[in-house]
Amino acid sequence: MNYLDLKVPPVRDERLKPCCAYGGTLCDLVEGQKRGCLTSNGRAFAQATGCQLSLAMGMVGSIPEAIAIFHGPVGCGSTNLGFAGLVKEFQLQRGNTDSIGQVWFSTNLSESDVVNGSEDKLAAVIKEADRRFRPQAIFIAKTCVPAIIGDDIDLVVDKVKDQVSAKLIPLHCEGFRSRFPATAYDIVYHGILRNLMEDEENLPEPVLENAAADIAYEERKKRTVNLLNVGSMGRVDELELIRLLGALELEANILPCYTPPGRFVKAKDAALSVSICSTHDDYFVEHLKELYGVPFVLNTIPIGTDNTRRWLLEIADFFNIREKAERFIAIEEAEVFKALEPYRKLFKGKRVFVSTGEIRAGAQAEMLERDLGMEVVGIRSHHYDQFGEYVFEHFKGRNDVTINVAASQPYEQVNLLARLKPDLFLGHVGSNVWAGKQGIPVLPIFGPVQSYMGYKGVFEVAYRLKRLVRNPAFFTTLGKTTTLPYKKSWYDKDPYAYIKQTETSEAA
Ligand code: SF4
């Protein structure tokens with residue numbers, strides 16, 4: 001894979017041919033995806049969903065010493081308003097004591113800009129952002145309006161790049177380009193790979209998290225892995241993964257979130273790239289391998305004991321230290337299984353529904369059954385692509401678990417939950433409120449201040465679920481006192497009534 005000659009990376013609709021709308025069993029989903037039948041699935045009615053701009057800017061916004069410019073109407077930046085203080089806090093947790101938090105500008109396009117073009121306005125904002133903050137990099141995000149009127153942001157960047165000190169990184173993330181918001185990750189990585197991977201003199205050595213001070217960098221990098229984090233991951237999870245890698249005597253070079261632009265170039269030196277989410281990282285690790293010969297581990301996310309074991313063993317196999325890893329895993333598993341014993345009794349027979357991105361959904365659902373003894377009755381995934389088969393392996397052949405592929409679409413979710421009546425719901429921020437209003441106790445499936453990954457994550461999730469099971473009063477009261485906007489006639493309908501599946505996929 002090498003798309004770096006292109007100014008604009010391909011959208012996932014073409015590159016991975018994922019599915020964005022599906023309701024049924026896992027078998028049909030996996031088979032349909034393999035045959036390529038599900039790409040054209042859609043909905044006759046759809047509620048608003050996320051746009052790739054917001055995901056791209058969530059990722060870019062975490063990068064210290066960088067600034068983002070939203071080139072478009074001011075409203076396109078509205079989703080970033082809530083991040084400002086959070087990013088500062090998360091950067092502080094990672095030792096960035098000079099953090100000023102997230103800084104972004106908007107070109108604030110007016111009607112007259114739409115008629116007359118807005119390239120000059122963008123050039124002026126780039127120069128102003130550079131003058132005021134002197135950042136290492138400025139990410140310039142193109143939104144729908146300049147894409148429609150034909151603004152050429154690459155041309156603007158070419159014109160002003162010699163007048164500013166920051167590296168300028170154009171991002172073509174207008175929302176209408178893709179039905180899959182996760183395309184945003186490819187767009188940001190595309191910008192990083194095209195603009196931030198050149199070696200520069202006097203670059204500081206990366207901060208390796210398990211580094212022994214007396215070992216030279218040249219020697220250390222043979223034991224260094226690029227640990228690819230995601231914006232929804234807290235420092236607590238990073239620390240747990242650093243601990244697991246440290247047990248294998250490996251160093252972690254963490255990127256892309258919360259990493260300054262000047263450090264990306266060091267990703268080329270690592271022995272291995274280790275992803276925790278293929279939805280997030282496949283574009284980056286494939287290019288790192290193709291261009292710089294850095295191999296990668298991509299298959300799973302270390303959530304639950306099974307997936308943590310698979311993750312560690314894949315890494316260990318690369319370094320030829322499987323026995324060492326197995327010894328470590330045996331000790332950790334024995335400890336966590338002992339600690340989970342009382343929880344498994346409490347959770348036995350509890351029916352649970354999981355809703356989030358593909359990789360986390362599969363792994364978290366598996367953890368709830370295998371580690372905690374619950375019964376998974378339904379899984380909603382934001383999309384489904386070739387990487388799903390591996391993480392959904394545990395549910396292969398299971399017709400008792402309904403699978404819904406949907407980003408947002410709360411109307412489908414409320415109907416499903418009304419039928420399935422799960423005891424617990426683990427979901428993404430966009431889904432949780434709806435389940436909560438139906439009176440179902442909710443545990444957020446990610447949270448940047450809480451622990452979810454590795455062995456620590458297994459226990460912490462169990463502990464938080466215990467509190468929820470013992471005292472669901474908040475959600476019970478919320479359910480009794482809230483009325484959702486849907487009529488009875490909708491609940492009487494098939495929850496997948498508006499999904500348009502191709503005939504081939506239905507027969508698959
Ligand atoms: S879909 Fe287009 S107009 Fe809407 S927020 Fe995203 S980039 Fe802006």
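Buried denotes a relative accessible area under 20%, exposed one over 50%, and partly exposed the range in between. The views below show a predicted model.

View 1. Phenylalanine 45, at 37% relative accessibility, counts as partly exposed. Among the 18 aromatic pairs of the structure, these two rings form an edge-to-face pair, with 5.0 Å centre to centre and 65° between the planes. The pair links distant parts of the chain, 366 residues apart: phenylalanine 45 belongs to the loop between strand 2 (42-43) and helix 3 (52-61), and tyrosine 411 to helix 17 (residues 410-420). Ring pairs join Phe45 and Tyr411 with Trp490 and Tyr498 in a cluster.

**View 2. Edge-to-face pairing of phenylalanine 105 and phenylalanine 133.** The ring centres of phenylalanine 105 and phenylalanine 133 are 6.1 Å apart, and the angle between the planes is 85°. Because phenylalanine 105 lies in strand 4 and phenylalanine 133 in helix 6, the pair ties together parts that are 28 residues apart in sequence. Phenylalanine 105 is buried, at 14% relative accessible area, whereas phenylalanine 133 is partly exposed, at 36%.

View 3. Four strands with parallel pairing make up an open sheet of order 4-3-5-6. Strand 4 (104-106) and strand 6 (167-172) are the edge strands, each pairing on one side only. From one strand to the next, the twist averages 20°. Strand 3 (residues 66-71) runs parallel to strand 4 and is joined to strand 4 by 3 bridges; here isoleucine 69 stands opposite phenylalanine 105. Helix 6 (residues 119-133) lies across strand 3, strand 4, strand 5 (137-142) and strand 6, at about 160° to strand 3. Helix 8 (residues 153-160) lies across strand 3, strand 5 and strand 6, and runs at about 175° to strand 6.

**View 4. Leucine 368 and the nonpolar cores.** In soluble globular proteins, nonpolar side chains tend to be buried together. The largest nonpolar core of this model comprises 129 residues, and Phe139, Trp311, Leu368 and Leu465 have the most contacts inside it. Beyond its neighbours within four places in sequence, leucine 368 is in contact with Val352, Val354, Gly373, Met374, Val376, Leu426 and Leu465. Another core, of 18 residues, lies apart from the largest one and includes Ile69, Phe105, Ala123 and Val160.

Notes: Residues are numbered from 1 along each chain as its sequence is written. This is a predicted model: local features need pLDDT of at least 70, side-chain atom pairs count only at pLDDT 80 or more; totals for chains, interfaces and linings use all residues. Side-chain values use heavy atoms; hydrogens and water are left out. Two strands pair if DSSP finds at least two bridges between them. Helices (H or I, at least four residues) and strands (E, at least two) are DSSP runs, numbered from the N terminus. Axes are lines fitted to C-alpha atoms, for helices over the stretch in contact, and angles run from 0 to 180 degrees between N-to-C directions. Contact means heavy atoms within 4.5 Å. A nonpolar core is a set of buried Ala, Val, Leu, Ile, Met, Phe, Trp, Tyr and Cys residues joined through side-chain atoms within 4.5 Å. Buried means under 20% relative accessible area, exposed over 50%, partly exposed in between (1.4 Å probe, protein chains only). Rings of Phe, Tyr and Trp (its six-membered ring) pair if their centres lie within 6.5 Å; planes under 30 degrees apart count as stacked, over 60 as edge-to-face and the rest as tilted.
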